[in-house]
Structures are given as C-alpha cells and as structure tokens.
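Open the structure in your viewer and keep the selection tool at hand. The tour visits a helix, then some aromatic rings.

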Amino acid sequence: MRENTLAIALYPGSFDPVHNGHLDIIERARRMARRVVVGVATNVEKEPMFSVADRVAMLRAATERAGVEVMSFSGLTVDFAHRLDATVIVKGLRAMMDFEYELKMAAMNKRLRPEIETIFMMTAPEWAYLSSTLIREVARFGGSVSGLIPASVEQRLVKRVRSQRKG
Ligand code: PNS
C-alpha cells in the first residue's frame, strides 16, 4: 500500500436505485482507498421505491468486480464511518444544485466527528444530470433509462414499476 493511499473510505447514500453516476464514483474511490464500503442508508426521510435489501442486492450485483463492500446502516453516517474505522466519507458532486445540500451535511458531519473528512468528487460530465429521482420518474412514465443504470437494475426497475401499476 502506498503511504498516501486512503485506508478506509465510506461512500454513503440512498441508492434508490444505484445508477451509472454512483458506479463511476465507486470505481474512482476504489483507486484511492485500500477499502471502500458503500453504505446504504436505511433511515432516509423520503419514501424509497426499493427496500434496503433490494438496494443492497442491486449494488452488490453492479459492483461484483469492483472490490468494494456493500452494507446497509441506520443512524448517523459519521457513526457508521467511525465503526468502520473510515477516515473519509466520499460524496459525488453534480451540478450546482448539490452544493448547498452537501456543504451543509459535510459541515454537520465535521462538527459531529471532526476526525472524519468528507471529500467530494466531481461527477463525470456524462452523468452530471443523472439522479435516482429522475431515473424513477422516467421509468414510472414508461421512458427508457437504458444506458443510465446497469442492466440488472433496469430489469428490477421495470418489474417494480409494473407491480406498482397493478397494486
Ligand atoms: O443519496 P443521498 O440521498 O444524497 O444520501 C444522503 C445520505 C444518506 C448520505 C444522508 O441522508 C445521510 O447521511 N443519512 C444518514 C443520517 C445522517 O447522518 N444524517 C445527518 C447528515 S448531516
């Protein structure tokens, strides 16, 4: 291990569902850190489309060869990072809309656990306007999201939308 390699990095999020922008950040984080844990938050405010178990399963399938771990967590992200011994929280930053929200969270997390740094990676330009919210919306109205999410996720999404229509 190079001395300047990050030891353990936590990449937290809702991942409802995981999309290519997330996968890009995961790959890049893996190049910087010895161990990367992708943390799926269970207690998100919004009503998720997929259960935690589904979100974890989709992430695991999509990151099979990425050499990362996928875990769910409840409670504060910084406390989960502390339990993992992670020194950094990694977040992706898209267009300006993310900035204020992410700045607030990073500042609060720093206050809660000053020893843990949040580092931001600029989202790759091709995924800059991609979000799980948009993916869900387009899929709900029958639009194609192919090429924006892994094929395995797309299959589950189509199934989920169909079952929601029936129910
Ligand atoms: O993918 P998202 O929805 O942007 O992820 C947000 C997430 C899950 C990282 C954030 O809501 C979070 O950290 N939730 C865990 C609870 C917590 O620590 N809240 C205080 C944040 S300052």
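Predicted model: local features only at pLDDT ≥ 70, side-chain atom pairs only at ≥ 80, totals over all residues.

Residues are numbered from 1 along each chain as its sequence is written, and side-chain values use heavy atoms, without hydrogens and water.

Now pick Val153, Leu157 and Val161. These residues of H6 are buried (under 20% relative accessible area; exposed is over 50%, partly exposed in between; 1.4 Å probe, protein chains only). Look down the axis of H6: its buried residues fall within an arc of 70 degrees, so they line one face. The arc is taken from the directions from the helix axis to the C-beta atoms. An α-helix has 3.6 residues a turn, so residues three or four places apart point the same way.

What do the buried residues of H6 pack against? Show helix H2 (52-62) and helix H5 (132-140); contact means heavy atoms within 4.5 Å. Then turn to the face of H6 away from its buried side: Ala151, Gln155, Lys159, Arg162 and Lys166 are exposed there.

Next, the rings. The whole structure holds two aromatic pairs (Phe, Tyr or Trp rings, the six-membered one for Trp, with centres within 6.5 Å; planes under 30 degrees apart are stacked, over 60 edge-to-face, the rest tilted). Select Tyr11 and Phe15: centres 5.3 Å apart and planes at 75 degrees, so the pair is edge-to-face. Tyr11 is buried at 5% relative accessibility, and Phe15 is buried at 3%.

Finish on Phe73 and Phe80. Their ring centres are 4.8 Å apart with planes at 5 degrees, so this pair is stacked. Both Phe73 and Phe80 are buried.

Note on methods:
Helix = DSSP H or I, 4+ residues; strand = E, 2+ residues; numbered from the N terminus.
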